[in-house]
Amino acid sequence: MRVSDFDYELPERLIAQFPAEPRDTSRLLVVHRADGRLEDRVFSDIGDYLSEGDVLVLNNTRVIRARLFGRRRKTKARIETLLLRCIDGDRWDCLVRPGRRVRPGDIIDYEGGLVGRVESVTEAGGRIVRFEAPRPLDDLIDEIGQVPLPPYITRELDSPDQYQTVYAKHRGSVAAPTAGLHFTHSLLETLVNKGIRVVEITLHVGLGTFRPVSTENVEEHRMHSEVYEIPADAAAAVNEAKETGHSVVAVGTTSVRSLESAWDDRVGRVLPVQAETDIFIYPGYRFRVVDKLLTNFHLPKSTLLMLVSAFADCELILRAYRHAIEDNYRFFSFGDAMLIL
């Protein structure tokens, strides 16, 4: 399977630079796997496709202000640091730019008295950095850091909260689980009142989700691991839905990867777990847990598009993308949504 099988051309004007307001007024393309039908709806209509007893799975990770700018103490050269994952209290796996200039033993000075000491180089070319802060590190990061927006978003945010889901709780992501950006508190309340069970899991989005595929053959790509957690109540709700014939509806590819990682073939259930996953889902994968998928429109040749193409037929997904382009849907993080049934 070749990476070029997941390519398409997107006019730049369709890359969304800001979210819909209100959030649930974004458009929703409904894709029916059974017969290939496509329906153009509004996101607030999503309840029409969910039934009492279905389980809606949200990723409640919270984006941190992971982009820091400092100076290499030796040369005063400007260094950009992207926090990827906390290894322990003050040690982080980071990307630095320009990376070739930053070596183990280097010291980077940031605003607010924050100091980073580079300990080692990772296999992925990142850096393990130990931070020294005059006050709680999380508080200082929130003060001096910037929201790490994708490079295709060139417009400044009106508020950092625009890049958070309304249910974001647990700090740790360097990117938002964007399928969840369409929900409002009132829409979630409406779904609950309809008898739909809403549960939360956590996957901290890191390099694994967004690293470009650099191999020609899809099967040769390796994902970086990301930390995830399936609480006991979420696992129980998902298992009950599977046992009673109701649908498990994953909000976003991160929820899909978490649920599928937590499935245990030996017992035929999703297990409560707190671990890391490097699961890579592409066409040919057999889904054990997820019955319906809510997702955004993803970049060409990305692992996210490959996952979506595994959930539905690749030809159907590319046809849906062509329809979305012809009908001026908005793409990527702040764009419109797709519900695959």
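How much space lies in the second largest pocket? In this predicted model, the second largest pocket holds about 520 Å³ of space. Residues are numbered from 1 along each chain as its sequence is written, and side-chain values use heavy atoms, with hydrogens and water left out. Because the model is predicted, local features need pLDDT of at least 70 and side-chain atom pairs count only at pLDDT 80 or more, whereas totals for chains, interfaces and linings use all residues.

Rolling a probe the size of a water molecule over the atoms shows where empty space is left. Pockets and cavities were defined on a 1 Å grid over the protein atoms alone: a cavity is a set of points where a 1.4 Å probe fits but cannot get out, a pocket is an open set with protein on both sides within 12 Å along at least five of seven lines, and lining residues have an atom within 4 Å of a point. Grid points are joined across faces, edges and corners, and a volume is the space filled by probe spheres set on the points.

The second largest pocket is lined by 28 residues, of which L84, R85, C86, D93 and S225 lie nearest its centre. Two or more lining residues come from each of β6 (78–86), β7 (91–97), β11 (170–173), α3 (207–210) and β13 (226–230); helices (H or I, at least four residues) and strands (E, at least two) are DSSP runs, numbered from the N terminus. Strand β7 gives the most to this lining, with four residues. By class, the lining has 12 nonpolar, nine polar and seven charged residues, where Ala, Val, Leu, Ile, Met, Phe, Trp, Tyr, Cys and Pro count as nonpolar, Asp, Glu, Lys and Arg as charged, and the others, Gly among them, as polar.

The search of the whole structure also finds two cavities of 30 Å³ or more. The largest cavity contains about 70 Å³ of space, and its lining includes R23, H182 and F334. Four nonpolar, four polar and two charged residues make up that lining.

Strands of a sheet pair through backbone hydrogen bonds, either parallel or antiparallel. Here two strands are taken to pair if DSSP finds at least two bridges between them. A closed barrel of six strands runs β5-β6-β7-β10-β9-β8, with antiparallel pairing. Its twist averages 45° from one strand to the next; axes are lines fitted to C-alpha atoms, for helices over the stretch in contact, and angles run from 0 to 180 degrees between N-to-C directions. Strands β8 (residues 107–110) and β9 (residues 115–121) are joined by three bridges, with I108 opposite G116. In their hairpin, which has four residues between the strands, G112 takes a positive phi near 70°.

An open sheet of nine strands has the order β2-β1-β19-β18-β14-β3-β12-β13-β17, with mixed pairing. Strands β2 (38–42) and β17 (273–277) stand at the edges, each with a single partner strand, so one side of each is left without a neighbour in the sheet. Two bridges join β12 (residues 197–203) to β13 in the antiparallel sense, and T202 is the bridge partner of E229 in β13. Helix α4 (residues 232–244) packs on the sheet, touching β3 (55–59), β12, β13 and β14 (248–251), where contact means heavy atoms within 4.5 Å.
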